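Hi,

Here is the structure I said I'd pass on.

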Amino acid sequence: MSNAFKFSIVMPIYNVDKYLEEAIQSVINQTVNFKENIQLILVNDDSPDNSEEICLRYKQSYPENIVYVHQQNGGVSAARNKGMEYVKGEFTQFLDPDDYISNDTLELAQKAFEQWDVDVISIPIHFFEGRKGQHALNKKFFKSRVIDVTSEYNQLLMHCASTYIRSHVLKDFKFDINSKIGEDSKFINTIIMRKGRYGVLKEAKYYYRVRDDGSSAMQTAAAKKEWFNHSLENFSLDMIDYFLKAEREIPIYIQNILLYDLKWKLLIKNKDQTTLDDGEFTDFKDNVVRVLKHISDQTILDFESMSDYHKHYALSLKHNTPLNKVFKYKNMDNDIILTYKGNDVKTLSSEKVIIEYIKEDPDSKDVLIEGYIGGLFNKEDIEVSASVNGKIFKASDVNRAFDKWESLGTCIKDYKGFKIRIIKSAISRNSNKIFFHAGIGQESVCVKAKFKNSSGLTNNLINAYKYSKSYLYYYDGSAVNIEKNVKSMHIRMEFKYLKSLFLGKGLRKRAQSAAKKAALSRIAFNVHKKIVKKPIWLFVDRTDKANDNAEHLFKYALQQSDDVKKYFIIKKDSADYDRIKKYGKVITYGSYMHKLLQLRSSMVISSHADKWVTNPFHKGTDIYYRDLLKFKFIFLQHGVIMADLSHWLNRNSKDITRLITSSEYERDAILKGNYNYESDNVLLSGLPRYDGLKRESKKQILIMPTWRQSLVSKKDPITGKRAYSETFKKSNYFQQLNALINDEKFINDAVSHGYKIIFFPHPDIQQQIADFTIHENVSVLEYDTDYQKLFNESDLLITDYSSVAFDFAYEKKPVLYYQFERYHFNPGYFDFNEMGFGDVINNHEDLIQSIRDYIKNGCQMSEKYKNRVEKFFKYNDSSNCKRVYDEISSLEKMK
């Protein structure tokens, strides 16, 4: 029986009017000639948008080629099954209507089907819009070929839309309408196992839209309850049942398919990352175990797409065995080997120590080394040491409670942190080698080192080195070499390094250009160092906005006579650039001069601790300069720390020289927590911007909540902005705030008493302002608003969890915490009910009543909360800038 068309393209359509035409046009524009060879089946799954209008327009233009079907909403599987009923092509694709294919895809697929005896051909997935690059499973497309899944069982196919299927086999298969997640993987892989092979076509491309607004299926799956138990029951366990009945065993290829899906499940750290209740989360873990029972231990150990730690945990779950009992040790050939059921898994000598810091003690001239060791070996069993010229230096343990791997509520790996002090007398020779060792019991083996950015060294560049006042350091692949820092040797090492960079030694071709630029920049650095002898301080708030702690301190510092060159760093297109330039020197963020000054600076002083502050170099190029970044980092903070931020703000991650705090509670929480800072690192001074806080009442009620990361799209790494999210307005967060700024009782009461109402959305939800219904008596402020002016002129603050409450309360003005939902952060020392500066309110009606009560009493803070303010803040004397400046000046003199 001949087919009317070569290809039938089935599109299930729902809420895609913004993208639909691009998908349709990619089919019409195929090189095989649309009218002669392609049938396009558009199945409207009762879409509420304008998709039907688009479908009917194209149907009218191509009546012989396009089939249009409108069905009652039944989901994507039902729509695909409906489309199958109309297939007249020899080959079928189920193309998602927000994606598209390259112009010659169908021509290439047709030729491949003519050559290969396969039912399925797959093409590589390329991401576009909200994400660039390729799908992780694209590695199999290194050439066009047929994959036999019995021998290449690790070459997985999880995506149906990027495949082409011989239409005659479809009569035996349907999409599972009961499966809401994983249905396409189940469908395509049961077809593949019919022959045990499928084709891969390297030259064609499937373009998968990762939506800017975060609403594509791949982006939203884990936010749905169905992704958890429903997925495991209707995809994984259903697949297991199917193959046990059909083949009496689970093929290794299918085991790998199941494990690939489980991989994402095991990345869930704990219940708080899910939408599940306690019972549902227990069921989720039980279902994970049920699936693991059908995956062989060897398949788990061999699986390439999962971390060793998650494989370890998978074996532990499967066999209900404690993590520290899964593997055993054996000594062999001067090594310690980790084994599983008699088979070797890992050798201790293959592990690496990760070096974060190599520093010189300025007083004793000892060398201080700090880092950690990971791997599958139990951290409690391992001892780390270093040897220099025959002398052994044992490491002492360093707390790394902030640094651990967690899966399904279980800590599956925590690292052994260590520090080693190598005394000056042990490195008295002109040339010394430091070897690192890891041992268990009486056995010890030599291990190699890997260097983090903060160490100043690298494993990846020939002739790279770093220096301190007394020593020169470089790594030769097995040991850290230390030599005396004499001028002639330092010049010789720099020259060798520059030569390697210019010649691109050991670098890929595309990295050679960056290396040459880095060599020129290093020369510029050395010339600048000879010419400019004065200390350099850089002040940074946000890249596009100032008026935070850094600018306040910058203004104060400019008034001091100290022989220090001071610069403020900000983007040239910022509204604050020209304003600051009127009173101080401003350097454009990311410019060549900024990068040069970053290398030359003795202090980087910022209200933010993100990488863009301490490392303005393009990703991948910072490796050429890591040895030159010797500044002290002064973290002024963007607000008072109240949650546990040790996972982000710890010393091993940020290496902050001085962390500025405002309260003894805050300082104690940092020193007693898992931040790993010494008392000298944490300064109790008050935030510099507090010096500018003063009462200038304009009878304003300010609504200023924090944001929710889960509700917005990802930030563009180039523009620093977030795209609009279609799903934001469906959230409880939006609905509660929208109800508040439109409550007639509240608004009428405020207006009748002469109060203005100001709504200031967090900078990270500014792109969603259009979603809000803005009452005529409510003003909405945008990103470039002067925060401090707003605080000074407002009389009542309504927030949820935002640290702006500390600024507001500092002036002893009332605060209301409207906490209508739980906000997921690690709880810290600050208890809103016991320490907060206002009432904590959970529902709309109580909030409105509290606001009206404050309006009646002229927005006066009660004595109860005034006492809390006085107890919390150490200082309220307008000398915060002075205290911080004096501390930085003392650090400068120490240098």
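In which sense do strand 16 and strand 25 pair, and over how many bridges? They pair in the parallel sense, over four bridges. Strand 25 covers residues 443–451, and its F451 is the bridge partner of I355.

Before going on, some ground rules. This is a predicted model, where local features need pLDDT of at least 70 and side-chain atom pairs count only at pLDDT 80 or more, while totals for chains, interfaces and linings use all residues. Residues are numbered from 1 along each chain as its sequence is written, and side-chain values use heavy atoms, with hydrogens and water left out. Strands are DSSP runs of E with at least two residues, numbered from the N terminus, and two of them pair if DSSP finds at least two bridges between them. In general, strands of a sheet pair through backbone hydrogen bonds, either parallel or antiparallel.

Back to strand 16, which spans residues 352–360. Seven of its nine residues are buried (under 20% relative accessible area, with a 1.4 Å probe and protein chains only). Strand 16 also runs antiparallel to strand 17 (residues 367–373), with seven bridges joining them; here I358 stands opposite I369. These two strands form a hairpin with six residues between them, and K365 in the turn has a positive phi of about 70°.

Elsewhere, there's an open sheet of four strands in the order 5-12-7-8, with mixed pairing. Its edge strands, strand 5 (100–101) and strand 8 (133–134), each pair on one side only. Strand 5 is joined to strand 12 (residues 206–210) by two bridges, running antiparallel, and I101 stands opposite Y206.

Cheers

Technical notes:
Buried < 20%, exposed > 50% of the residue type's maximum accessible area, 1.4 Å probe, protein only.
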